[in-house]
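Here's a quick tour for anyone meeting this structure for the first time. Have a look at it, then read on.

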Amino acid sequence: MFDLATRRIIGATVLMLTTVVTIGMVWLTEEQRMARFEAMHKAKAIENGALLYEQYCSACHGAEGEGVPGRGPSLNPGVFQHYEQLKAQGYPNSLRNFIKLNIAAGRPVRSTYHSNETYAELMPAWSQDFGGPLRPDQVESLVEFVLNWQTAKPAPAPALAFEAVGSDLTKPLPPGDPQRGQALWNQEVKQASGVAASCKACHGLRPGEVMVGPSMAGMATLAAERIRAPDYKGQAKTPEEYIRESIQQPNAYIVEPEKYAAAPGVSLMPATLVNQMSAQDLADLIAFLLTLK
Ligand code: HEC
Ligand code: HEC
């Protein structure tokens, strides 16, 4: 019923449509194939990363990224929290790049985020590009492995061998031992967390010796004067309570803010020291400072 020319046109159109559909299907399955390949590739990278992590990283960051006191910070969930904080401050890089950079180049300088922690060593550089032992693809595998923690469930909180006293001023304290307090101060013994008390990095014991913070000379006598001063804003009623408050809540009352405040209402003394300290550590440090008359 169609003449030859019409049939040719129809034939050509059908052929063309079939070709388009076929190409489309190949393209679609190719995309699925690629997605499968990428998923497999990623799974393989995570697997390789897990082995590398165990060998090179777990000693400082813990088997599940929970962190090791005195050696390395938590990565799971620590590094994700650190990144969120940086991003809130305008850090422009992606999470992936942040993690990759830290692993590849290490941390030749301690980050302020972790400045309250004491680590035996700095984070080494790992990529051969930065003089480290690992190939770029191995670093990439480690990045995949660390990133995978974010989607997997976070590691259980590290089993602390101690309970940190924190900032709660009402928590009952055991009787303090001034001798152990002095040993803690001099870093001859460590706190329950295994971290050396950093007090003497900022406070001298000689009269008038100003380091980052004021001298502790005569602290017991001074504490009694502090709580009677008209500008005193804290809650302490006794010298003991004053010293306790100074350590657990440095921002409750800042001595000479023009000299010792990092920003209005923020003491140069970190409020987080008490997160490394047991109630006993705190009681002993207070008992020691109360001997300084
Ligand atoms: C000798 C101990 C040590 C080893 C080994 C080590 N790290 Fe670290 N790492 C650290 C320390 C310490 C820091 C924190 C330094 C700082 O910023 O103050 C850190 C920081 C990091 C950070 C950034 C964390 C953050 O929140 O800023 C990442 C990511 C990281 N390490 C991954 C790794 C990986 C992956 C490996 C294994 C290839 C590894 N580390 C091996 C000690 C170590
Ligand atoms: C990073 C430096 C820094 C570290 C570490 C530090 N302090 Fe302080 N500390 C300060 C500064 C600065 C002040 C003064 C500002 C204020 O009142 O908070 C201060 C104030 C104090 C006061 C009150 C002093 C006064 O004259 O009234 C006491 C007590 C005290 N620190 C004890 C400690 C103890 C104990 C430790 C160790 C667990 C410690 N500090 C660690 C910087 C530090």
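Let's start in a loop: Gln187 sits between helix 6 and helix 7 (199-202). Helices here are DSSP runs of H or I, at least four residues long, numbered from the N terminus. Keep in mind that this is a predicted model, where local features need pLDDT of at least 70 and side-chain atom pairs count only at pLDDT 80 or more, while totals for chains, interfaces and linings use all residues. Residues are numbered from 1 along each chain as its sequence is written, and side-chain values use heavy atoms, leaving out hydrogens and water.

- Most residues other than glycine have a negative phi, and most peptide bonds are trans.
- Gln187 has a positive phi, near 60 degrees, and with a relative accessible area of 35% it is partly exposed (buried means under 20%, exposed over 50%, partly exposed in between, using a 1.4 Å probe and protein chains only).
- Glu256 has a positive phi too, about 40 degrees, and lies in the loop between helix 9 and helix 10 (257-260).
- Asn76 and Pro77 are joined by a cis peptide bond with omega at about 15 degrees, and Pro77 belongs to the loop between helix 2 (58-61) and helix 3.

**Helix 3 and its cover**
- Gly78, Val79, Phe80, His82, Tyr83 and Leu86 are buried in helix 3 (residues 78-88).
- Helix 4 and helix 5 are among what covers those buried residues.
- After helix 3 comes Gly90, with a positive phi near 100 degrees.

**Helix 4 against helix 5**
- Helix 4 (residues 95-105) packs on helix 5 (residues 136-151) at about 130 degrees, their axes 10 Å apart (axes are lines fitted to C-alpha atoms over the stretch in contact, and angles run from 0 to 180 degrees between N-to-C directions).
- Residues that meet here include Leu95 and Ile99 from helix 4, with Val139 and Leu142 among those from helix 5; contact means heavy atoms within 4.5 Å.

**Nonpolar cores**
- The largest nonpolar core has 26 residues, and Trp185, Met219 and Met277 are among those with the most contacts inside it (a core is a set of buried Ala, Val, Leu, Ile, Met, Phe, Trp, Tyr and Cys residues joined through side-chain atoms within 4.5 Å).
- Helix 11 gives the most to this core: six residues.
- A second, separate core of 23 residues includes Cys57, Ala104, Phe145 and Leu147.

Definitions and conventions. Chains are lettered from A and ligands numbered from 1 in the order in which they are written. Helices (H or I, at least four residues) and strands (E, at least two) are DSSP runs, numbered from the N terminus.
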